[in-house]
Amino acid sequence: MEFWFLLFLGLLTYLMMQYSVARATRTPVWLLWLVLMTPAFILTGLTLIYGVKQAPPSALIPLVAVVSAGCLLLYWLLFNRGRELPIDSQNQSEENQGQLNNNSTVETPIRPINLAEETQLRNCFPWSVYYVQNIEYRPQAIIFRGQLRTTSSNAYEQIKVNIERQFGDRFLVIFQEGINGKPFFVLVPNPQAVKQNNQQESEKITQPGLALLLLVATLFSTTFVGWKFAGLQFTQLESDFRLFFHGLPYALGLMTILGSHELGHYLTARFYKIRSTLPYFIPVPFFLGTFGAFIKIRSPIPHRKALFDVSIAGPLAGFIVTIPLLIWGLAHSQIVALPEKVEILNLNALNPKYSILLALLSKLALGSELTAKSAIDLHPIAIAGFLGLIVTALNLMPVGQLDGGHIIHAMFGQRTAVFIGQITRLLLLILTFIREEFLLWAIILLFIPLVDEPALNDVTELDNQRDFMGLMSMALLLLIILPLPQFLAKLLQI
């Protein structure tokens, strides 16, 4: 079984790297894949040797951690050694065409402007704002490198205004920080220059009919799963189909949480005039009844402030809805004896000490009924709230294209965010030796690219209030994923 799982994981990882990583580096994909998969090979080998139920010797854990850290560092070095352009100037979405062409072997690149326009272009960069020292012409992109003479926000706004005055909406103006720490400008053709005036195209991306259809389908699939959580059997459903609607509390609770999360993203994107689709749910007739929901961003993020606000709005909205639902559900749950062998997914006997936040909310809802030998048989609404905590925590992981990755990127810049993402992967991998349920999370994070899409102005930093909110979101992540410490358990008497 372990062999087939490893084979599936390896093939899926290789295909994903072939699709994404191969475009960003000259380093052979097979070499990067081998380095990235080494920790998985080691963990699988230890599982085959010691078995699933027996933990490996404690002396091996530091060794595996060191090897895993070395593999991540080696992956980082090999990846960047093969890069032809700064990390900040790549991995743009096809929608905003922010890619700088990786093929530097083109001898006669096609200029996105003609020679007669070059003087106009240079005049858009006043020496007192941004002193241009070098201009690089690449296919579909112009790179301006020089010295910043004013604040980054003033420089971007003034140069953007100058470009629009001379060339209209012909170009997108991108401002990023190079690997040498110096900011540079990039001009790329604006793919929305024609579409922005087409109201029909703007309406088409929302597809409200599709969003409604998926909403109804997900309501049905989650209700189907919900009646199982309500403790009903299929034979009962055959005799009285009205029992099917006993799954509605779970379905409505979970969909309210997921919908609030995506609406947080959607409404904040609309506030910043970022084109995005409506939230789309993903229905499945098994597991939890859904694989979640998503929106798709169809236009560039203007600056790191917008990137931060759009990213944090989803987890924040979902968390605000989750808390009252979870407390109500816990208050209507049943206290049962704590089994000798605790399973995290045993929703009929959940150990509240699984999470600091879960323990605090459980004590608040159940009071003195909850003791050190108690577990909780979750009410369907409590199940939805518990899953809401898990969804919030997973999205807040500071890795790549997750909400947490965007938040860290907006706070510290893309280079630091990539480093933090690598460390997070390593720490979660180590955590799997203590709590095996995080193995799936560690695997998911391996599939998520560390480099996300930068904002147009990816240089100007956030204000102190947003930095504080970002730190609080990381604190919330720790409260959800870390188990309740023993001293706090004694204080709470659980």
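1. Start with helix α4, residues 118-123, where Arg122 and Glu118 sit four residues apart and are therefore separated by about one helical turn. Keep in mind as you look that this is a predicted model. The side chains of these two residues meet in a salt bridge, with 3.6 Å from N to O. As a reminder, an α-helix has 3.6 residues a turn, so residues three or four places apart point the same way.

2. Next, have a look at Glu177 and Arg415. They form a salt bridge in which the closest N and O atoms are 3.2 Å apart. Glu177 belongs to strand β3 (residues 171-177) and Arg415 to helix α14 (residues 414-431), so this pair ties together parts that are 238 residues apart in sequence. Glu177 is partly exposed, with 30% relative accessible area, and Arg415 is also partly exposed, at 32%.

3. Then there's Asp309 with Arg466, another salt bridge, its closest N and O atoms 2.8 Å apart. Here the link runs from helix α10 (residues 304-331), which holds Asp309, to helix α16 (residues 464-481), which holds Arg466, so parts 157 residues apart in sequence are tied together. Both Asp309 and Arg466 are buried.

4. In general, side chains of opposite charge can pair when their charged atoms come close.

5. Now for a helix as a whole. Helix α9 covers residues 248-271, which is 24 residues, and spans 33 Å from its first C-alpha to its last. That's close to the 34 Å expected at 1.5 Å a residue.

6. Finally, what about the stretch after α9? The helix is followed by Lys273, a residue whose phi is positive, near 60°. Lys273 lies in the loop that runs between α9 and β5 (280-283). Is Lys273 buried or exposed? With a relative accessible area of 77%, Lys273 is exposed. If you're tracing the chain by eye, check Ser299 too: Lys273 and Ser299 are 26 residues apart in sequence, and their C-alpha atoms are 9.0 Å apart in space.

Definitions and conventions: Residues are numbered from 1 along each chain as its sequence is written. This is a predicted model: local features need pLDDT of at least 70, side-chain atom pairs count only at pLDDT 80 or more; totals for chains, interfaces and linings use all residues. Side-chain values use heavy atoms; hydrogens and water are left out. Helices (H or I, at least four residues) and strands (E, at least two) are DSSP runs, numbered from the N terminus. The expected span of a helix is 1.5 Å times one less than its number of residues. A salt bridge is a side-chain nitrogen of Lys or Arg within 4 Å of a carboxyl oxygen of Asp or Glu. Buried means under 20% relative accessible area, exposed over 50%, partly exposed in between (1.4 Å probe, protein chains only).
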